[in-house]
Amino acid sequence: MKLENFNFSKKIFYHTDKIQSLKSGGRPFPVTMEIDLTNNCNHRCSFCFYADKIGRGKMPTLDKNILKKTIEDLKKLDARGISFTGGGEPMLHPDFYEIIKFTKNQGLDIGLITNGSAIVESKMINLLENLTWIRISMAGGDSNSYQKVQGVDQFEKVIININNLSKAKNNLKLNTNIGIRILITKDNLISLETLPKHLNYKLVNYIQLAPDQFTNDNGQFWNSESTQKIFKDFENNMKNLSINVLTTNYVWSQKNLSIPRKCYAHYFKTAITAEGDLIFCQNARGENKFIIGNIYKDKLINIWNSKNNKSIEEWVKPSNCGLYCKHIDINLAVEENFYPDFDMSKNFVG
């Protein structure tokens with residue numbers, strides 16, 4: 001059984017101006033900027049890069065005024081969307097609601113990746129009116145498995161928040177896309193059987209089941225007959241609730257790292273950390289060699305056009321960067337567009 005792929009790569013073809021610029025030797029500024037508002041968090045997820053640092057002193061948090069200036073610059077540089085994420089839990093930033101309203105007023109689309117525990121009913125209208133989409137990370141289908149992976153017992157609270165968010169969206173007749181992402185582990189797999197009883201009809205737009213990239217079993221657990229049966233039963237249960245079940249393909253595409261001749265994804269999406277570092281790739285958090293510059297020290301345009309950034313662009317490709325490539329499908333899509341198979345006869349469609 002193959003779940004439908006949560007495919008990001010096809011989105012780049014909505015931005016043909018960026019593709020043409022890149023194809024003609026230009027350096028288009030990314031479509032999407034991922035921004036870590038803070039490294040502070042109220043969860044202790046087992047898979048989190050920052051989990052062992054949380055609670056050990058003050059966590060980095062972006063200054064509101066510096067961030068606003070950066071957001072203005074992002075708009076001028078032709079970015080089109082901002083994903084507020086982590087780092088930690090973005091909704092714990094003290095000026096979170098002011099920041100998303102400011103971003104919306106700049107004419108940028110906004111996405112939010114959150115653990116969902118900091119959502120409050122009094123602010124739901126503010127959330128829904130400003131966000132294009134919201135994705136809630138919820139690594140478990142019941143309280144016990146949720147706590148094993150997320151480190152806290154807030155399963156019921158998050159379910160209530162999702163329910164109330166969906167009701168508010170429907171009452172306001174808004175189109176905000178609401179999704180749930182579940183990182184599948186051996187600790188929470190079986191809990192998929194109980195999750196449907198906590199969800200109502202069309203409560204969310206989709207549920208994404210994501211494989212754990214840090215396993216080294218070459219997909220044995222994910223592709224096993226028992227795991228796939230649970231996925232199939234879960235998908236059928238969600239169909240009864242009119243909720244789409246999706247997965248992601250980049251884990252299985254890692255075998256193709258040697259194909260792209262360079263990293264193209266950098267020109268479509270990158271990230272700013274809670275320390276203010278603009279990093280070459282969203283997957284490069286914690287890797288000093290991929291820090292391009294810092295928004296506390298320089299303007300965004302200068303950082304983007306810096307020798308440091310251009311130097312990385314010259315040598316880096318998925319096969320030599322040393323990172324797990326979550327953007328491999330984007331890189332493969334652009335590579336195929338730039339260097340089509342000789343036998344394809346590209347001008348004959350259909």
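Predicted model: local features only at pLDDT ≥ 70, side-chain atom pairs only at ≥ 80, totals over all residues.
Author: A polar contact is a pair of N or O atoms within 3.5 Å, and within protein one of the two must be able to donate a hydrogen and the other to accept it.

Reader: Which side-chain oxygen reaches a backbone nitrogen at the start of α2?

Author: The oxygen belongs to Asp63, and the backbone nitrogen of Asn65 lies within 3.0 Å of it.

Reader: What should the end-to-end span of helix α2 be, and what is found?

Author: The expected span of a helix is 1.5 Å times one less than its number of residues. Helix α2 covers residues 64-76, so its 13 residues should span 18 Å; the C-alpha atoms at its ends are 19 Å apart, which agrees. Just beyond α2, Asp78 adopts a positive phi of about 80°.

Reader: Which residues of α2 are buried, and against which elements do they pack?

Author: Buried means under 20% relative accessible area. In α2 the buried residues are Leu67, Lys68, Thr70, Ile71, Asp73 and Leu74. Their packing partners are the strands β2 (32-36), β3 (81-85) and β9 (269-272), together with the helices α3 (96-105) and α9 (300-304).

Reader: Is Glu313 buried or exposed?

Author: The same cut-off of 20% applies. Glu313, a residue of helix α10 (residues 307-315), has a relative accessibility of 7% and therefore counts as buried. Its side chain makes a polar contact of 3.1 Å with the side chain of Tyr267. Beyond its neighbours within four places in sequence, Glu313 touches Arg27, Lys262, His266, Tyr267, Phe280 and Trp304.

Reader: Where is the peptide bond with omega near 10°?

Author: That bond runs from Gly86 to Gly87 and is cis. Gly87 belongs to the loop between β3 and α3.

Reader: How many residues line the second largest pocket, and which lie nearest its centre?

Author: The lining comprises 14 residues, with Thr215, Asn218, Gly219, Val251 and Trp252 nearest the centre. By class, 7 are nonpolar, 5 polar and 2 charged. The pocket holds about 250 Å³ of space.

How values were computed: Residues numbered from 1 in each chain as written. Heavy atoms only, no water. Helix = DSSP H or I, 4+ residues; strand = E, 2+ residues; numbered from the N terminus. Buried < 20%, exposed > 50% of the residue type's maximum accessible area, 1.4 Å probe, protein only. Contact = heavy atoms within 4.5 Å. 1 Å grid on protein atoms, 1.4 Å probe; cavity = no way out; pocket = protein on both sides within 12 Å on 5 of 7 lines; lining within 4 Å. Points joined across faces, edges and corners; volume = space filled by probe spheres on them. Nonpolar A, V, L, I, M, F, W, Y, C, P; charged D, E, K, R; others polar.
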